[in-house]
Amino acid sequence: MVWIDNEGAQSHRLTTPLAHVICTPRKFRDDFGANHVRYDGYHELAYLHPKRFTPNPDSLREHGVNPEEPFFLVRFRQWSALHDVGQNGFSHDAKRDLVSFLSDHGNVYVTSESPLPAEFAEYQLPVPPHLVHDLLAFADLYVGDSATMATEAAVIGTPAVRAQSFAGADDMTNFLELAEYGLLYSTADDRDAVEKSKSLVRDADRETFEHRRERLIEDKIDVTGYATELLVRSGRGQRPDRFGQGVHNKG
């Protein structure tokens, strides 16, 4: 059984022919045939659905973060993976502009795959990695060039801005759908991402994003529950076309 959410990846040609079941989000463009099942959700809802995750403000306070004060979470990728060849996110100038602006409006916490430049050292992530989702849940804004964390922010209900050079009309369907819900803004232009971030800091209403997130959760399933059911049915030798289409276990 394999779970896929990124269309067009060459690695799918190696994994899908060997899989008894291929699971993808509902609007996934590619079709893997008889063994392909679709579900109403995203990978990230396997661990961030309200049934699976409740953010803990006390865990942040233990590390010097006041969840009641404005703060922003920023994520920078290293862009060194094979599938990142020829792609990019934030330039150094855009990073500097973004962090400078955000720091005038609250605390800024930066998580980075590569070592932080000296000028950003003071913004180093204050919590251990296992608490990053608590930090993300209480943040007033997420900005970054990480696909996964952008999705995580969106499904939690934190206003999110994503800058990746392959964003656009042919973007991954997950990002296009989250944009339709008004939970994620994606752009290929890092300067555009910075300006959108500034406008959200000035004007975003967190309550509006919470309502949008509630609508999303109403439409989506508890992915962990669905995955468990798929594993059980697969273990019993049931055919994929009898697994259902992931429209149950909602809420």
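Please keep in mind that the model is predicted. Ala153 sits in helix H6, which runs over residues 147-156. Leaving aside residues up to four places away in sequence, Ala153 touches Leu136, Tyr142, Thr158 and Ala160.

Now step back to the whole chain. Its secondary structure consists of ten helices and eight strands. The radius of gyration is 19 Å, close to the 18 Å given by the globule rule for 251 residues, so the chain is as compact as a globular protein of that length. Along the principal axes, the C-alpha atoms fill a box of roughly 55 × 40 × 30 Å. Of the 251 residues, 47% count as buried. Among contacts between residues at least 6 apart in sequence, 65% join residues at least 24 apart. The accessible surface comes to about 12100 Å², and 48% of this area belongs to carbon and sulfur atoms.

Next, the charges. The chain has 27 positive and 39 negative charges, and their mean positions are 7 Å apart. How many salt bridges are there? The count comes to 14.

One of them joins the side chains of Glu177 and Lys27, at 3.8 Å from N to O. This pair links distant parts of the chain, 150 residues apart: Glu177 is in helix H7 (residues 173-180), while Lys27 is in the loop between strand E2 (22-25) and strand E3 (36-39). Glu177 counts as buried at 9% relative accessibility, whereas Lys27 is partly exposed at 45%.

Lys27 also meets Glu180 in a salt bridge, at 3.6 Å from N to O. Because Lys27 lies in the loop between E2 and E3 and Glu180 in helix H7, this pair ties together parts that are 153 residues apart in sequence. Glu180 counts as exposed, at 58% relative accessibility.

For a local example, look at helix H8 (residues 190-203), where Glu195 and Lys198 lie three residues apart, about one turn of the helix. Their side chains form a salt bridge of 3.5 Å, N to O. Glu195 is partly exposed at 41%, and Lys198 is buried at 12% relative accessibility. Elsewhere, salt bridges with shared partners join Lys27, Glu177, Glu180 and Lys220 into one network.

Note on methods. Residues are numbered from 1 along each chain as its sequence is written. This is a predicted model: local features need pLDDT of at least 70, side-chain atom pairs count only at pLDDT 80 or more; totals for chains, interfaces and linings use all residues. Side-chain values use heavy atoms; hydrogens and water are left out. Helices (H or I, at least four residues) and strands (E, at least two) are DSSP runs, numbered from the N terminus. The radius of gyration is taken over C-alpha atoms; the globule rule is 2.2 Å times the number of residues to the power 0.38. Buried means under 20% relative accessible area, exposed over 50%, partly exposed in between (1.4 Å probe, protein chains only). Contact means heavy atoms within 4.5 Å. Accessible areas come from the Shrake-Rupley method with a 1.4 Å probe; for residues, only the protein chains shown count as cover. Lys and Arg count as positive and Asp and Glu as negative; His and the chain ends are not counted. The place of a charge is taken as NZ of Lys, CZ of Arg, CG of Asp or CD of Glu. A salt bridge is a side-chain nitrogen of Lys or Arg within 4 Å of a carboxyl oxygen of Asp or Glu.
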